[in-house]
Protein chains: 2
Amino acid sequence: MPPDSVSRFRRFARAVTTEVGALDQSFLGRGRPLGAARVLNAIGQGTGDVAEIRAYLRLDSGLMSRLLRGLEGEGLIEMQPHPEDARRRIAALTPAGRREFDAYETLSNDRARALLARHPDPEALLAAMDMVATALSPDSVRLSESDPRSPEARYCLGEYYAELARRFDTGFDVSLSRDPEAGDMVRPRGSFLLAQSDGLPLGCVGLKGQGGAVAEVKRLWVSPSARGLGLARRLMAAVESVAQDLGIATLRLDTNSALPEAVALYRRSGWHEIPRFNDDPYPDIFFEKSL
Amino acid sequence: MPPDSVSRFRRFARAVTTEVGALDQSFLGRGRPLGAARVLNAIGQGTGDVAEIRAYLRLDSGLMSRLLRGLEGEGLIEMQPHPEDARRRIAALTPAGRREFDAYETLSNDRARALLARHPDPEALLAAMDMVATALSPDSVRLSESDPRSPEARYCLGEYYAELARRFDTGFDVSLSRDPEAGDMVRPRGSFLLAQSDGLPLGCVGLKGQGGAVAEVKRLWVSPSARGLGLARRLMAAVESVAQDLGIATLRLDTNSALPEAVALYRRSGWHEIPRFNDDPYPDIFFEKSL
DNA sequence: CATGGTATCTGACTTTAGTCAGACACTTCC
DNA sequence: GGAAGTGTCTGACTAAAGTCAGATACCATG
């Protein structure tokens with residue numbers, strides 16, 4: 001059989017099924033059935049809201065109730081009433097529960113580290129995993145406003161600069177570009193938007209304002225593992241809507257013809273070319289859009 | 001939290017766990033417990049040898065026996081004695097079993113197709129999946145002798161030519177190169193080795209002989225998704241051992257300095273450079289090794 | 001404040017998965 | 001040919017997972 005798409009996909013499915021099964025096995029080593037371990041993990045990760053966990057793990061209410069009682073009996077969790085709705089309940093880890101949760105985390109993390117360590121090119125493997133994870137859960141990409149100095153934002157900007165350096169024949173040196181002050185990309189003057197899927201930053205865009213009716217769109221970047229999903233378009237639409245919110249009438253941006261996808265996107269979405277409006281050495285095309 | 005390696009890995013793990021779970025759910029739709037469905041699928045895929053299936057699915061002999069009886073009772077399989085060992089048994093699908101097996105296959109395949117279809121770049125996604133699958137099961141790469149005209153071999157050669165075309169500034173045209181007759185790479189004159197993991201071809205190498213004491217190593221290729229795992233070295237070691245088997249005393253090969261990894265590998269493994277021994281336009285370095 | 005809807009709990013189940021010891025027929029090796 | 005080992009089957013279990021029909025307490029609405 002030649003390796004057609006479907007059988008390649010299914011080889012992948014077999015490999016990950018084995019891996020997932022092996023992780024489950026290792027979870028059993030802590031003397032607790034898998035169902036209880038999963039609930040404990042969900043509580044440690046998230047809100048502890050019983051209904052939410054139940055929806056996430058797709059558990060019957062009866063089963064859920066019993067599993068919670070089991071964990072409570074072990075002294076790992078404590079149940080509290082929901083502050084706004086006395087029918088609901090919130091589970092919280094006790095110190096012992098936190099220790100047990102950490103032990104499960106360690107199992108997962110060690111497995112991850114071991115697998116990455118024995119691979120010749122961990123960064124390439126992670127990039128592949130990012131792409132697969134994004135493809136498997138494409139609906140989960142969420143946009144949010146963020147401080148441009150947050151770790152996630154810094155990560156995106158770092159990737160953005162690295163990509164510019166690769167794309168420009170002359171390389172790219174941040175210090176030569178007019179690096180906007182982070183304060184210009186924070187409300188009320190501007191904003192900074194992040195696209196994230198399950199915690200992983202996949203893209204960003206900045207809105208740099210000076211308090212006037214004109215602002216600049218900067219730092220539009222989408223991770224290679226998430227390209228083609230329309231994320232850039234979503235980011236641009238979101239940043240325009242934030243700009244309107246801030247009372248901005250005109251948006252500008254500069255870009256480079258070495259980034260043809262970006263240029264095409266701007267043209268498609270109502271931007272028109274204008275003459276150079278700064279003396280930054282890197283851009284060679286300039287756009288404007290009235291809101 | 002910045003996206004460190006481990007949390008990227010674990011995002012991937014969450015995404016595939018969800019996907020695996022969803023596929024299991026869809027399998028349940030056929031009114032048969034998962035255990036029985038898995039056994040039926042294993043029988044449809046492979047040999048039907050009970051011991052083999054039991055090892056693959058890690059099932060207790062008692063459980064296995066009951067699951068088989070259940071499938072037999074449904075009229076989906078028939079048990080036959082093993083021709084060489086009367087203790088062992090072989091399971092074979094009945095026509096009804098084949099239909100049921102196909103229904104499960106369709107569920108999996110449709111899922112795969114749907115996911116690939118909604119992705120903007122299916123080939124990139126598949127390459128990522130290949131890399132992940134190979135990383136998750138690195139021990140499973142098996143070398144085997146194959147006909148160079150088999151579909152798997154053709155696939156490898158096609159990838160090999162495409163890669164040469166990318167790597168050479170001048171491009172690469174197979175017809176200009178001295179394309180060996182497939183017959184020269186078949187025993188007794190030569191051989192062709194494939195590296196495969198779970199059915200997916202990951203690499204190849206050819207041994208081209210003319211019946212004399214000198215033969216040529218050709219077409220060494222390793223898939224990008226499996227590089228760095230020492231596969232090229234394994235292929236070269238295997239081809240040398242086949243050559244000894246065939247009574248060949250001296251091996252030669254030609255290559256190009258645009259492929260520095262290959263050149264380094266040859267130097268590391270006991271080959272020494274010799275003068276040009278053909279007038280093929282592409283190679284510019286020539287090696288020899290005595291066995 | 002009555003009504004319908006919601007979140008969780010309880011008890012009484014069934015099904016599935018997994019374990020273990022022993023039986024049996026066969027193979028392998030001395 | 002006998003001893004040790006192997007592959008499968010059987011019966012008797014346990015544990016885990018999942019289902020379902022109330023019960024109970026609470027919320028939202030008119």
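The surface near DNA strand C has nine charged, six nonpolar and four polar residues by class. This is a predicted model. In total, 19 residues surround DNA strand C. The closest are A:R66, A:R69, A:R87, A:R89 and B:R87.

| Residue | Atom of DNA strand C | Distance |
|---|---|---|
| A:S65 | phosphate oxygen | 3.2 Å |
| A:R66 | base oxygen | 2.8 Å |
| A:R69 | phosphate oxygen | 2.7 Å |

The largest share, five residues, comes from α4(A).

Next, the aromatic rings. Over all chains there are 13 aromatic pairs. One of them joins A:F27 and A:Y104 edge-to-face, at 5.0 Å centre to centre and 65° between the planes. The two residues are 77 apart, with A:F27 in helix α1 (residues 5-28) and A:Y104 in helix α5 (residues 95-117) of chain A. Both A:F27 and A:Y104 are buried.

A:F277 and A:F286 have ring centres 5.3 Å apart and planes at 75°, so this pair is edge-to-face too. A:F277 is partly exposed, at 24% relative accessible area. A:F286 is buried, at 3%.

Ring pairs also link A:F9, A:F12, B:F9 and B:F12 into a cluster.

In chain B, arginines lie over ring faces. B:R30 lies over B:Y104, 5.9 Å from the ring centre. B:R252 lies over B:F277, at 5.1 Å.

Conventions. Residues are numbered from 1 along each chain as its sequence is written. Chains are lettered from A and ligands numbered from 1 in the order in which they are written. This is a predicted model: local features need pLDDT of at least 70, side-chain atom pairs count only at pLDDT 80 or more; totals for chains, interfaces and linings use all residues. Side-chain values use heavy atoms; hydrogens and water are left out. A residue is near a molecule or strand if one of its heavy atoms lies within 4 Å of it. A polar contact is a pair of N or O atoms within 3.5 Å; within protein, one must be able to donate a hydrogen and the other to accept it, and residues adjacent in sequence count only if both atoms are side-chain atoms. Helices (H or I, at least four residues) and strands (E, at least two) are DSSP runs, numbered from the N terminus. Ala, Val, Leu, Ile, Met, Phe, Trp, Tyr, Cys and Pro count as nonpolar, Asp, Glu, Lys and Arg as charged, and the others, Gly among them, as polar. Rings of Phe, Tyr and Trp (its six-membered ring) pair if their centres lie within 6.5 Å; planes under 30 degrees apart count as stacked, over 60 as edge-to-face and the rest as tilted. Buried means under 20% relative accessible area, exposed over 50%, partly exposed in between (1.4 Å probe, protein chains only). A charge sits over a ring if NZ of Lys or CZ of Arg is within 6 Å of the ring centre and within 35 degrees of the ring normal.
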